[in-house]
Amino acid sequence: METSSPILPQATTSRPDGPTALIQARNVSVRFGTTQALRKVSLDLAERHVTAFIGPSGCGKSTLLRCFNRMNELIDISFTEGTIHLADTEIHHPDVDVIELRKRVGMVFQKSNPFPKSIYENVAYGLRLHGTRDRKILNEIVESSLRSAALWDEVKDRLHESALGLSGGQQQRLCIARAIAIRPQVILMDEPASALDPTATMRIEELVLDLRKDYTIVIVTHNMHQATRISDYTAFFYQGELIEFDATSRIFANPAKKQTEDYVTGRFG
Amino acid sequence: MESHHLNPHRPARANPLPLRRARGLHPARALSTLFSGLTALATYLILAILLLILGHLIWAGRSVFDWRFLTTGTDADMFDIQTAGILPMVVGTTARVMVMTLFVMPAGIITALYLGEFTHAHSRLARLIRGAVNNLAGVPSIVFGLFGLGFFVAFVGGSLDEVFGGPGVEPKWGKPCLLWASLTLAVMTLPVVIVATEESIRAIPSSLREASFALGATRLQTIRRVILPQAMPGILTGGILAIGRAAGEVAPILFTGAAYYMARLPHSPTDQFMDLGYHAFILATQSQSIESIQPILFATVLTLLLLTLALSIVAMFIRAQIPRAHDAPM
């Protein structure tokens, strides 16, 4: 990488000065077949901060999220252009192992998707994949991950029961525990609370604020209040383009663009 | 304007729709009743036929079917009602089904994994393979018998003899035997395993694959840790169906391994074997007096039925061992 300080193409797409940029995306475009999903998006993700992606359905926010751990590659007809640096590494470089990338960039999905295994085995899954066999280490990390995901007290007596017996909110927190068990640097969250009731949503939000101390978090959300409650920066997307990217307070209180204002005030979207 | 409070003492105004059932037969309802009666009749008819067959077998074979019959061999006169035993046929049929399972399960599972995990459901290649598999399922079993003779016995076996034997040496591989009969049966039952496995693989939600990939799993790790455990009940169902189909088949093994008579039990894959189904055929067609050997014939067929049942029960038992608690409830 040429430089570690973010040089940004446009002032409007820049993250305000402050924390280090852990991920730097430049001119990222994604196309699925003939459909352009994302157009030349450039932005930085601040380390140990929460960045929210907002915008109406189909605006490209989830597509960009899935660029950061190269999940779009699972779709045969996807084509990605532009560069994304994670710290000093261009993640599309031929030397980059996508498996190592995904160990460092974890993901939580919209619909909770625990494996039909026990609670313990769900959290231990990533560790086992990457070769951890020592029972003592597994036990320790499973416990600490479940504690970090604020789930330990609820499940400590039934670790070896099926994860599918948990409630929706618990399942989603289990998926977060599973993601952080392999100690990623970044956690990508794709509308993690959209299928949950208000109480479960609140717990996820508290968790996100708590995890911010250790992880760089990107969260896609449809819920504008959620973005204001938990994010430090907000990026507004519309029709595959990044319209505005700024500190969350400014995006909601004093947006620079008319479109952003219309969206955050609920006039469309 | 009337009050909206409910008054328990005043009945609701008469409903203009007649809720009471109309007198006499309504044609649509009569047809519906008739139809449900027909479906029930068809179901009970099948059950009745099944019980009739089983009852007839037990009744006709009862004088011969006992422990001695099951556990003794037979000498050259297998039509003698006093001394006839059936052990070699039980061993032969069991062996060919088990060896077949050994081959058909891995081959079927790997094919289904390719179709379900490595190709798109509607890609040209997948459609081609699926079409071939479906056609394979429609081929008459005698054709598999001839294929087995031509391909396994003559071609594969013959080639092995050429390589390892040499001129003048007695053929070891190039003759009908347990191995070739089992392989022929494996080819015949392949579609059953492939279809059952592929269906259970496709039923696994893609969100589980995504979860696995997002944790840095390779495709192989995802298959081993998520796909196969989830698909296992379906795979074993395929196995049960394949065993059920193969156990009773005679045509595929006629030319590829079944023996009319053998003095000893088979003890290598290159031995021929006696077989329950084939033995029933021999009893029915080769005896001097069909009347006198009928009890042996029916006892033999009953044994075949029970053996098929036993093999299926073993497979079902294995399937039941998969922890239920971790199955997806949906």
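1. In chain A of this predicted model, helix H3 (residues 119–129) and helix H6 (residues 168–180) have axes that come within 7 Å and cross at roughly 35 degrees. The crossing of H3(A) and H6(A) is right-handed. On the H3(A) side the residues that meet the partner helix are A:Ile119, A:Asn122, A:Val123, A:Tyr125 and A:Gly126, and on the H6(A) side they are A:Leu174, A:Ala177 and A:Arg178. Sorted by class, this contact of H3(A) with H6(A) has five nonpolar, two polar and one charged residues.

2. Two residues of chain A deserve a look at their backbone angles. A:Arg48, although not a glycine, has a positive phi of about 55 degrees, and this residue lies in the loop between strand S2 (35–46) and strand S3 (50–54) of chain A. A:Arg48 is classed as partly exposed because 16 other C-beta atoms lie within 10 Å, a count that falls between the limits of 12 or fewer for exposed and 20 or more for buried.

3. A:Ala150 is found in the loop between helix H4 (135–148) and helix H5 (152–155) of chain A. With 18 other C-beta atoms within 10 Å, A:Ala150 is likewise partly exposed.

4. Turning to the contact between the chains, chain A contributes 24 residues and chain B contributes 18 residues. On the side of chain B that touches chain A, helix H7 (206–214) and helix H8 (219–247) of chain B each supply at least two residues, and H7(B) gives the most, with six residues. By class, this side of chain B has ten nonpolar, six polar and two charged residues.

5. Within chain B, a helix pair is formed by helix H10 (residues 276–286) and helix H11 (residues 290–320), which pack at an angle of about 165 degrees with their axes 9 Å apart. H10(B) is therefore roughly antiparallel to H11(B), since angles over 145 degrees are counted in that way. H10(B) passes H11(B) in a left-handed crossing. From H10(B) the contact takes B:Leu276, B:Gly277, B:His279, B:Ala280, B:Leu283 and B:Ala284, while H11(B) brings residues including B:Ile293, B:Ile296, B:Leu297, B:Thr300 and B:Leu307. The residues of this contact of H10(B) with H11(B) divide into ten nonpolar, four polar and no charged.

6. Helix H1 (residues 27–61) of chain B can be judged by its span as well as by its surroundings. Its 35 residues reach 50 Å from the first C-alpha to the last, which is close to the 51 Å expected at 1.5 Å a residue. H1(B) is hardly covered, for the count of buried residues among its 35 residues is two.

7. A last point concerns B:Leu128, which is found in helix H4 (residues 124–138) of chain B. Is B:Leu128 buried or exposed? B:Leu128 counts as exposed, because it has 10 C-beta neighbours inside 10 Å, and a residue with 12 or fewer is placed in that class. The C-alpha atom of B:Leu128 is separated by 50 Å from that of B:Arg62, and these two residues are 66 residues apart along the chain.

Terms used
Residues are numbered from 1 along each chain as its sequence is written. Chains are lettered from A and ligands numbered from 1 in the order in which they are written. This is a predicted model: local features need pLDDT of at least 70, side-chain atom pairs count only at pLDDT 80 or more; totals for chains, interfaces and linings use all residues. Two residues are in contact if their C-beta atoms, placed from the backbone, lie within 7 Å. Helices (H or I, at least four residues) and strands (E, at least two) are DSSP runs, numbered from the N terminus. Ala, Val, Leu, Ile, Met, Phe, Trp, Tyr, Cys and Pro count as nonpolar, Asp, Glu, Lys and Arg as charged, and the others, Gly among them, as polar. Axes are lines fitted to C-alpha atoms, for helices over the stretch in contact, and angles run from 0 to 180 degrees between N-to-C directions. Angles under 35 degrees count as roughly parallel, over 145 as roughly antiparallel, 65 to 115 as roughly perpendicular and the rest as oblique. A crossing is left-handed if the near helix is turned anticlockwise from the far one by less than a right angle, and right-handed if clockwise. The expected span of a helix is 1.5 Å times one less than its number of residues.
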